[in-house]
Amino acid sequence: MPHVLVLNASYEPLGVVSMRRALILVLNHKAVSLEDSGVTLHSATSALPAPSVVRLTRFVRVPFCGPVPLTRRALFARDHGRCVYCGAAATSVDHVIPRSRGGQHRWDNVVAACRRCNHTKADRHLTELGWRMKRPPAPPSGLAWRIIGTGIKDPRWRPYLEPYGGNDQLRAPQWDEYEHHDHTDPAHPVPLGRAHAGHPTPHRGARRPAVCPRAGRTAGDDGR
């Protein structure tokens, strides 16, 4: 069932709920629909357009939100679903400084990677391979990440999320759907910041809003 973006009365993004929950809020006059999903729900006597974005009629005070939980979905959203080393489709999680060599599992040391780069890098430092990254990994910030971190996407949400951070993620093509391609170049991966042959570095951009994200499954890795 499609999901619905919930905004506070002040238009700040709060979270994502099921369409059923959103309809209950609207029918009980606790929220108003701002965007239709294009889906029409029918009862015995009436038809009702299902919302894609709703706004609460009363302001809800949200407690302080801590850092964005480090989940696989949130990590792939931050890195646009692409390997930070070669630009190909990411399929695994890698620790820049390997855990076996003292690296920690946190936002500034974890990146999305393809399996080939992950396997080639193994437990070595980037300097040992002569690789480099375009930019160092960092924790995401902004209310939009309450939504971005869930991995749930809807292009209709962009105008309501962009004022609250995560613009790169919201504007990227991956906001609609991540592209997945298998590697076709069997050669050794080139230094970071360049793409494998046949896999040009994708355009970056696009982000989403943030709700106090509920901690999800911790991003796993291949034992690096």
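Reply: Happy to; we start with the whole chain, move to the sheet and its helix, and finish with the cores.

This is a predicted model, in which local features need pLDDT of at least 70, side-chain atom pairs count only at pLDDT 80 or more, and totals for chains, interfaces and linings use all residues. Residues are numbered from 1 along each chain as its sequence is written, and side-chain values use heavy atoms, with hydrogens and water left out.

The protein chain has seven helices and six strands. Here helices (H or I, at least four residues) and strands (E, at least two) are DSSP runs, numbered from the N terminus. Along the sequence they follow the pattern β-β-α-β-β-α-β-β-α-α-α-α-α. Of the 224 residues in the protein chain, 45% are buried. Buried means under 20% relative accessible area, exposed over 50%, and partly exposed in between, with a 1.4 Å probe and protein chains only.

Now for the sheet. It is open, has four strands in the order β2-β1-β4-β3, and its pairing is mixed. The edges belong to β2 (13–18) and β3 (31–42); each has a single partner strand, so one side of each is left without a neighbour in the sheet. On average, neighbouring strands of this sheet are turned by 30° against each other, direction ignored. Angles like this run from 0 to 180 degrees between N-to-C directions, and the axes are lines fitted to C-alpha atoms, for helices over the stretch in contact.

What holds paired strands together? Strands of a sheet pair through backbone hydrogen bonds, either parallel or antiparallel. In this model, two strands pair if DSSP finds at least two bridges between them. β3 and β4 (residues 47–56) pair in the antiparallel sense over eight bridges. To find a spot on this pairing, look for S33, which stands opposite V54 in β4.

Next comes the helix. α1 (residues 19–27) lies across β1, β2, β3 and β4, and runs at about 85° to β4. Its buried residues are M19, A22, L23 and L25. Seen down the axis of α1, these buried residues fall within an arc of 160°, so they line one face of the helix. The arc is that of the directions from the helix axis to the C-beta atoms. The buried residues of α1 pack against β1, β2, β3 and β4, while R20 and L27, on the other side of α1, are exposed. Contact, by the way, means heavy atoms within 4.5 Å.

Most residues other than glycine have a negative phi. H29, which follows α1, has a positive phi of about 60° although it is not a glycine. H29 sits in the loop between α1 and β3, and at 65% relative accessibility it counts as exposed. Y11 also has a positive phi, near 75°. Y11 is in the loop between β1 and β2, and at 38% relative accessibility it counts as partly exposed.

Strand β1 also takes us into the largest nonpolar core. A nonpolar core is a set of buried Ala, Val, Leu, Ile, Met, Phe, Trp, Tyr and Cys residues joined through side-chain atoms within 4.5 Å. Of the 23 residues in the largest one, L5, W157 and L161 touch the most other members. At least two residues of this core come from each of β1 (3–7), α2 (72–78), β6 (110–113), α5 (145–148) and α6 (158–161). α2 gives the most, with four residues. Leaving out residues up to four places away in sequence, L5 touches G15, S52, V53, V54, I147, W157, Y160 and L161.

L126 is found in helix α4 (residues 126–129) and is buried, with a relative accessible area of 13%. L126 and Y85 are 41 residues apart along the chain, and their C-alpha atoms are separated by 9.9 Å.

Finally, look at β6. V110 and A112 on one side, and V111 and A113 on the other, are all buried, and both faces of β6 are covered. β5 (residues 92–95) and β6 pair in the antiparallel sense over four bridges, and V93 stands opposite A112 in β6.
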